[in-house]
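Thanks for making time this morning.

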Amino acid sequence: MAAPGGARRRPLLLLLLAGLMHGASAVFVVKDGNGTACIMANFSAAFLTNYDTNSGFKNVTFDLPSDAVVLNSSSCGKDNASGPSLVVAFGRGHTLTLTFARNATRYRVQLMRFVYNLSDAQIFPNASSKEVKTVESVTDIKADINKTYRCVSSDQIHMSNVTVTLHDATIQAYLSSNSFSKEETRCEQDRPSPTPTPPVTPHPSPSPTPESPSVNKYNVSGTNGTCLLATMGLQLNVTYENRDNMTVTRVFNINPNKTRVNGSCTAQLVTLELRDEDVTLLVFHFGMNATSSQFFLQEIQLDMTLPDARDPTFKAANSSLRALQATIGNSYRCNAEERLRVTEALSVNVFRVWVQAFQVEGDKFGSVEECQLDENNMMIPIAVGGALAGLVLIVLIAYLIGRKRSHAGYQTI
């Protein structure tokens, strides 16, 4: 019997359970027209996501079942036109796709895509929508050519509001035979922690901070009209280890002229997606609290490539934020620079932000709720002005008292 309140478990707890309770692994093979295997994969997977019901958002976890099958849409690729892809199907229209790419020495899962059908009542009971959703993300799954990728540890891939956790994974693409190679490339999680050496490597100074980013409009519309109005400048602060094992911090400005903007609207979640020349994917999720009638920024997710990093694939996410908050129907504005800490390795600086999510009337910002930083900045000149006025008043009173005493002395004589 389930414990009372189980339906209200937080996503973090569900993610932990997804990591501990997973189904049996399955072997998936993709073959070319001659019957030669080009992809082999053996792994189990657990999925964590949330969806909208008439009573609010619900979190759900489920496993890749043992009867999952490889679809005919899987492919061994076409020379330079496209890479090999593994498409695994299960349930009522759910698919997990791994698309591969390679260079002269290594291959990797360039993109993972998950398509899920909310009309599957067994997995998504009482879902208010019956649509088919698609999420995707880059991954850090990579191995040397002619070697098997092996990862006994759990590996989490974050895709918008979905987290896929792979367990005990054995994957190989571009096979030279119809079986896994005996040579392996182990994942980062399986490798032993390096023994620290006594000499301390000096850290270089952080890169010079570039100019403030350009402020731009980022709006999102859905079937019912605009669900997000946003005007802001965005700057990323990324900390990582370079190839010389030195910790560096780089700053990236989001250039509006080179940024592609996408997004989506639901009753409980507004999503803004940005891509540019440096950033593979930058996602902002805005949630709402129906009880307090407030919207807020609840999650930031970043996927990008750092060519000079020891691990070029950089990923960071935080779904527990509560920033840029205002009453639904109103807008949040802050002229001061705000720093949003996502993880130890990532923070996002927001400049001159003006944002409104969910309820937007006539594509115009509603009543403004100023940030605390702006209110504090306004209080400083007021306090200084008040102090100066008080000082002038004291001097004036002292002058008048002194003058009165002087006149009184002359009258006595």
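This is a predicted model: local features need pLDDT of at least 70, side-chain atom pairs count only at pLDDT 80 or more; totals for chains, interfaces and linings use all residues.

Residues are numbered from 1 along each chain as its sequence is written, and side-chain values use heavy atoms, with hydrogens and water left out.

Most residues other than glycine have a negative phi. N126, although not a glycine, has a positive phi of about 65°, and N126 sits in the loop between β7 (106-117) and β8 (132-137), where strands are DSSP runs of E, at least two residues long, numbered from the N terminus. N126 is also exposed, with a relative accessible area of 62%, exposed meaning over 50% with a 1.4 Å probe and protein chains only. Y174, in the loop between β12 (162-173) and β13 (184-186), likewise has a positive phi, near 60°.

Now to the second largest pocket, which holds about 1,100 Å³ of space; a pocket here is an open set of points on a 1 Å grid over the protein atoms alone, where a 1.4 Å probe fits, with protein on both sides within 12 Å along at least five of seven lines, and lining residues have an atom within 4 Å of a point. Of its 42 lining residues, D140, K142, D311, P312 and T313 are the closest to the centre. β7 gives the most to this lining, with five residues.

Key
Helices (H or I, at least four residues) and strands (E, at least two) are DSSP runs, numbered from the N terminus. Buried means under 20% relative accessible area, exposed over 50%, partly exposed in between (1.4 Å probe, protein chains only). Grid points are joined across faces, edges and corners, and a volume is the space filled by probe spheres set on the points.
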